Amino acid sequence: MTIGDITPKKERKSRRSKHVVDDTAPLLPKRQDEDAGYDEFNGASFTGAVFNLSTTIVGAGIMALPATMKVLGLILGIAMIIFMAFLTDASIEFLLRFSRAGKTTSYGSLMGDAFGKYGRIFLQICVLVNNIGVLIVYMIIIGDVLSGTSSSGVHHAGVLEGWFGEHWWNGRTFVLIVTTLGIFSPLACFKRIDSLRFTSALSVALAVVFLVITVGIAIIKLISGTIMMPRLLPDVTDLTSFWKLFTVVPVLVTAYICHYNVHSIDNELEDSTQIKPVVRTALALCSTVYIMTSFFGFLLFGDSTLDDVLANFDTDLGIPYGSLLNDAVRVSYAAHLMLVFPIVFYPLRLNMDGLLFPSARPLALSNMRFAFTTVGLITLIFLGANFIPSIWDAFQFTGATAAVCLGFIFPAAVTLRDRHSIATKKDKILAIFMIVLAVFSNVVAVYSDAYAMFKKNSVTERTA
């Protein structure tokens, strides 16, 4: 028997048999994040759970990975992607094992079990900061892709503008209003995360479409002999280039952040023993997509690979039907983000409600609270994407910090706290390593972003 097998087999087999009837228990739960609110639905399939978790992982971060190959080289870059997948699996295993020990069924209640009320509140705030920032960035990217954007006096036409010309109905604000009302709002109204399994499957398929197009273009250019051999190892020539290697750490550390949805997916599975295979299958699927996207993206664009590889598809590819392929990549990616939106929104709404109404009954049982929380958050995200000019810079700091807390610092802290005395020495060593890596990546992220902003402001002042 392993350390993870801390409950009897029959008890873990089915969610419906999870709780023992207690005649003295109140009819309504005292807190909405306790176990009683989760047993309304227990029939989620293995495949649906894999797609939902995979969609949580593969968001906008996939576009930044080819640029990490430019810094690290192919060999070290791919090795780091694989290493982070294994580290993420270990951190999720910590969450699940200590949740079983404490009989908790949410990330917030696990933090509450380990660190009390303030641990739960801190976790909920981090989910809010991370997910609101991520969703605002998604909406900004969708607006950029469909309606275009202007930077440094240069206008980059959006897909709709390129197809139909410039009109009021394909302007940024109107396109985002239609997207919000026609796509985001209906998908955000589902009360179960398993209800999003089909849109999640389509979202993963659209990410694969982007990958297939990238692979196809790279193969065509390989055959025509217009692609150079990519760099296999990092190019370190001085101290500056050495320190530059560490700037990719935040991108890799946050590439697999999905921890805030693991409990929701686990709670809806009929057989709770399936969650570990679900996690590992999703990580294997996403790692494959990440490695192939990084490899072929860097192979295609080489040292010209931009921080967001999507921007590379705004240029002439130098092949037949290049313009059509550019549009296909951009549209498929925008559609992918639209379908990722409700998966990231689901835990955001749950944690916002838990923060505002900690003693209320479960959110799914209150239609009024559910509606007001949903409308309020979608409105906030829409306003942030349209009317706050510096939102991107702000969330580069706060988003990176909150993400590594959710993915590594909190699971490691729960392990080191070890309230139920189930952690091994190996677990605690790994937990310390996770915290050191997470803190280091935060320091690097904050320093590199601050330096970039300072440098950009200095250049602006000199040219003014």
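The charged end of Lys191 sits over the ring of Phe370, 5.3 Å from the ring centre. Such a contact requires NZ of Lys or CZ of Arg within 6 Å of the ring centre and within 35 degrees of the ring normal. The model is predicted: local features need pLDDT of at least 70, side-chain atom pairs count only at pLDDT 80 or more, and totals for chains, interfaces and linings use all residues. Residues are numbered from 1 along each chain as its sequence is written, and side-chain values use heavy atoms, with hydrogens and water left out.

Aromatic pairs were searched for next. A pair of aromatic rings is described by the distance of the centres and the angle of the planes. Rings of Phe, Tyr and Trp (its six-membered ring) pair if their centres lie within 6.5 Å; planes under 30 degrees apart are stacked, those over 60 are edge-to-face, and the rest are tilted. The whole structure holds six aromatic pairs. One of them is Phe83 with Phe433, edge-to-face at 6.1 Å centre to centre and 75° between the planes. This pair links distant parts of the chain, 350 residues apart: Phe83 belongs to helix α4 (residues 74-102) and Phe433 to helix α17 (residues 425-463). Helices are DSSP runs (H or I, at least four residues), numbered from the N terminus.

Phe83 is partly exposed at 33% relative accessibility, and Phe433 is partly exposed at 39%. Buried means under 20% relative accessible area, exposed over 50%, and partly exposed in between (1.4 Å probe, protein chains only). The pair of Phe295 and Phe296 is edge-to-face because the ring centres are 4.9 Å apart and the planes are at 85°. Phe295 is partly exposed at 28%, whereas Phe296 is buried at 15%. Ring pairs also join Phe184, Phe341 and Phe345 into a cluster.

The surface carries a nonpolar patch. Trp163, Phe164, Trp168, Trp169, Phe174, Val178 and Val331 form this patch, with about 740 Å² of accessible area together. Patch residues have over 30% relative accessible area and no salt bridge; nonpolar side chains (Val, Leu, Ile, Met, Phe, Trp, Tyr) are joined within 5 Å, like charges within 9 Å. A salt bridge is a side-chain nitrogen of Lys or Arg within 4 Å of a carboxyl oxygen of Asp or Glu. Helices α7 (159-164) and α8 (172-188) each give two or more residues to the patch. Phe164 lies in helix α7 and is partly exposed at 46%.

Backbone angles complete the description. Most residues other than glycine have a negative phi. Lys103 has a positive phi, near 55°. Lys103 lies in the loop between α4 and α5 (107-115) and is exposed at 53%.

Notes
Areas by Shrake-Rupley, 256 points an atom, 1.4 Å probe, with all protein chains shown as cover.
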